[in-house]
Amino acid sequence: MVLESKEQKQGWLRSFGRTASRMSIEEQQALDKRLLPYTLVAPLVAHEAFTQKGALTVELGVGKGEQILHRAETHPEDRFIACEVFKNGLRSLVSKIEKQKLENIKLYPDDARVLVKLLPENSVDRLIVLYPDPWPKTKHKKRRIINKDFLDEAARIVKPDGELLLVTDVVDYAMWILREVYDQGAFFPIAINPQQWATPPQGWATTGYERKAKKEGRFPFYFVLNHKDNLPQQNHNKGETTE
C-alpha cells in the first residue's frame, strides 16, 4: 500500500513518525509476507473476516500490541482489529499472535485514518487510541490524529451504545482532546469527576510504554467516551447515577 499517495490525494498531513527502525528492506519484505495471513484486506466486510460473532474492538496505533493482545486472549469470542504502521511493532505483534495461536485478531498495517473511513457505519463496539503521537511543537499540532475529522468518523462507525477510549500521558494533549471532543459534540466522558480520568478502565492491561512513562513521572489520562445521546442521567451534585 502506498501511504503517501493516499495522504496527498485526501489532503492529509502525516500523523505518525517513522515506519521502521533498523530493519533492512529485505527484512521488511519478509515481515510483509508473515503479516499476510492476518491482514484485513477488506474492512468494508470486516464481519466476514472472522468466524467469531462477538463484539468488535478496533485499536489504532497498537505499538507492540500489548493491550489488544490481552483483550483478544481474554475474550476469544470477540473480534479485534489492530492497526499499526510501525513495522518493528508489527513484527513483535505478529510473533505473539503466532505464538498464542490467536484466531480472533486481524491486522491493518496502514494509516489509521484510511481504516476508519472504510469501516461501516455502526460497526464498532469499542474504538481505542492509546498514546497517539503528541506532536508537541505548536506548528505540528495540526498533525494530531485526534481532531474533528477523526471524531466525526468515530461517531459514524462506533455503535450508539459503543465506546471510544482515548489515552494520553501528555497534559497538553489531554486538554486538546477534551476541547476537540466538546467542540465536535458527538461524544461525552462518562467520568463525573477528574479523578476518574486517572483510573484505568475495566479490562485494562498496563503496557511497557505506560510503565516507562510512569517511571519518568508522566501519568495517563484515560478518557472513556460514550455517544452523548446514550449517557446515563447523572446527578452531578452528588456524583450518583440516577435511574
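pLDDT is the predictor's confidence in each residue, from 0 to 100, and contact means heavy atoms within 4.5 Å. This is a predicted model, in which local features need pLDDT of at least 70 and side-chain atom pairs count only at pLDDT 80 or more, while totals for chains, interfaces and linings use all residues. Residues are numbered from 1 along each chain as its sequence is written, and side-chain values use heavy atoms, with hydrogens and water left out.

Q: Which residues touch the most other members of the largest nonpolar core, and which element supplies its largest share?
A: A nonpolar core is a set of buried Ala, Val, Leu, Ile, Met, Phe, Trp, Tyr and Cys residues joined through side-chain atoms within 4.5 Å, where buried means under 20% relative accessible area, exposed over 50% and partly exposed in between (1.4 Å probe, protein chains only). The largest such core has 39 residues, of which Leu60, Leu127 and Phe150 touch the most other members. At least two residues each come from β1, β2, α5, β4, α6 (148-157), β5, α7 (171-184) and β7 (221-227), these helices (H or I, at least four residues) and strands (E, at least two) being DSSP runs numbered from the N terminus. The largest share, six residues, is supplied by α7.

Q: Which residues does Leu127 touch, not counting those up to four places away in sequence?
A: Leu127 is one of the residues that touch the most other members of the largest core. With residues up to four places away left out, the partners of Leu127 are Val58, Leu60, Phe150, Ala154, Ile157, Val158, Glu163, Leu164 and Leu165.

Q: How many residues make up the second, separate core?
A: This core is separate, and its members include Tyr38, Ile68, Ile97 and Leu107. Ile68 also belongs to helix α3 (residues 66-74), where Gln67, Ile68, Leu69, Arg71 and Ala72 are buried. The buried residues of α3 pack against β1 (56-60), β2 (79-83), α4 (87-100), β3 (105-108), β4 (124-130) and β5 (158-168). The second core has 16 residues.

Q: Why does the aromatic pair of Tyr131 and Tyr209 tie together parts apart in sequence, and how many residues apart are they?
A: Rings of Phe, Tyr and Trp (its six-membered ring) pair if their centres lie within 6.5 Å, and planes under 30 degrees apart count as stacked, over 60 as edge-to-face and the rest as tilted. The pair of Tyr131 and Tyr209 is tilted, with 4.8 Å centre to centre and 50 degrees between the planes. Tyr131 is buried, with a relative accessible area of 15%, whereas Tyr209 is partly exposed at 39%. Because Tyr131 lies in the loop between β4 and α6 and Tyr209 in helix α8 (residues 208-215), the pair ties together parts whose separation in sequence is 78 residues.

Q: Is the aromatic pair of Tyr182 and Phe188 tilted or edge-to-face?
A: Tyr182 counts as partly exposed at 42% relative accessibility, and Phe188 counts as partly exposed at 24%. Their ring centres are 5.5 Å apart and the angle between the planes is 75 degrees, so by the cut-off of over 60 the pair is edge-to-face.

Q: Which residue has its side chain in a polar contact with the side chain of Arg113?
A: Arg113 lies in helix α5 (residues 112-118) and is buried, with a relative accessible area of 13%. A polar contact is a pair of N or O atoms within 3.5 Å; within protein, one must be able to donate a hydrogen and the other to accept it, and residues adjacent in sequence count only if both atoms are side-chain atoms. At 2.8 Å, the partner side chain is that of Asp111.

Q: What is the phi of Lys101?
A: Lys101 is found in the loop between α4 and β3, and at 66% relative accessibility it counts as exposed. Most residues other than glycine have a negative phi. Although Lys101 is not a glycine, its phi is positive, at about 55 degrees.
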